[in-house]
Amino acid sequence: MSNLPKSLRFSSTENESLPLVVSTDTMKPIRCLEDAVDRCQSLGMRLSRQRRFILELLWQAQEHLSAREIYDRLNQQGKAIGHTSVYQNLEALSSQGIIECIERSDGRLYGNISDSHSHVNCLDTNQILDVHVELPADLIQQIEQQTGVKITEYTINFYGYRQSKAADG
């Protein structure tokens, strides 16, 4: 903790320095490709041709993809990009909160939505679908009362199987 800048520390006693939590939630959520590009520029990130290819693909695909899938799809589209470039750009974009990175037992998946949201995990197709779920205020208050924790953000993971077409008709 002593390696934190003095401006990010406060002292609860004279001998103890604790980190000060700084919120970064003041930025508007990224809801489209243009928002992602704007965020890159506002953070001073270079918007290389390869970085733009990756962002465009994630927004067009509207699904969570592995680095390998991103590499394969870009190269199939005739956009020459190397493995290393894909991995480095995904790391840079996800570390800055511009894209989402989901850690799974079989590797990382990347998606275009970086703001708070929930997932529906399809067990038979291994797809992850993004959904925005808003819990009722009274349920959040109940959870806060039970735990003593002020809820500031939440995500929910749903798991299930695709319903057959026959069941729909």
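User: How many bridges pair strand 5 with strand 6, and are the two strands parallel or antiparallel?

Analyst: In this predicted model, strand 5 (residues 118-122) and strand 6 (residues 128-131) are paired in the antiparallel sense, over 4 bridges. Within that pairing, H119 is placed opposite D130 of strand 6. As a general idea, side chains in a regular strand alternate between the two faces of the sheet.

User: Which residue in the hairpin of strand 5 and strand 6 takes a positive phi?

Analyst: That residue is N126, with a positive phi near 65°. The hairpin has 5 residues between its strands.

User: How many residues lie between strand 3 and strand 4 in their hairpin?

Analyst: Strand 3 and strand 4 have 2 residues between them. Strand 3 (residues 100-104) runs antiparallel to strand 4 (residues 107-111), and 5 bridges join them. I102 is the residue that stands opposite L109 in strand 4.

User: Turning to helices, at what angle do the axes of helix 1 and helix 2 cross?

Analyst: The axes cross at roughly 150° and come within 10 Å of each other. Angles over 145 degrees count as roughly antiparallel, and helix 1 is therefore roughly antiparallel to helix 2. The crossing of helix 1 past helix 2 is right-handed. Helix 1 contributes L33, A36, V37 and C40 to the contact, while helix 2 contributes R52, L55, E56 and W59.

User: Which residues does R162 touch, not counting residues up to four places away in sequence?

Analyst: R162 touches C122, D124, T125, Q127 and L129 on that count. With the side chain of Q127, the R162 side chain makes a polar contact at 2.4 Å. R162 and N121 are 41 residues apart along the chain, and their C-alpha atoms are separated by 9.9 Å.

Key: Residues are numbered from 1 along each chain as its sequence is written. This is a predicted model: local features need pLDDT of at least 70, side-chain atom pairs count only at pLDDT 80 or more; totals for chains, interfaces and linings use all residues. Side-chain values use heavy atoms; hydrogens and water are left out. Two strands pair if DSSP finds at least two bridges between them. Axes are lines fitted to C-alpha atoms, for helices over the stretch in contact, and angles run from 0 to 180 degrees between N-to-C directions. Angles under 35 degrees count as roughly parallel, over 145 as roughly antiparallel, 65 to 115 as roughly perpendicular and the rest as oblique. A crossing is left-handed if the near helix is turned anticlockwise from the far one by less than a right angle, and right-handed if clockwise. Contact means heavy atoms within 4.5 Å. A polar contact is a pair of N or O atoms within 3.5 Å; within protein, one must be able to donate a hydrogen and the other to accept it, and residues adjacent in sequence count only if both atoms are side-chain atoms.
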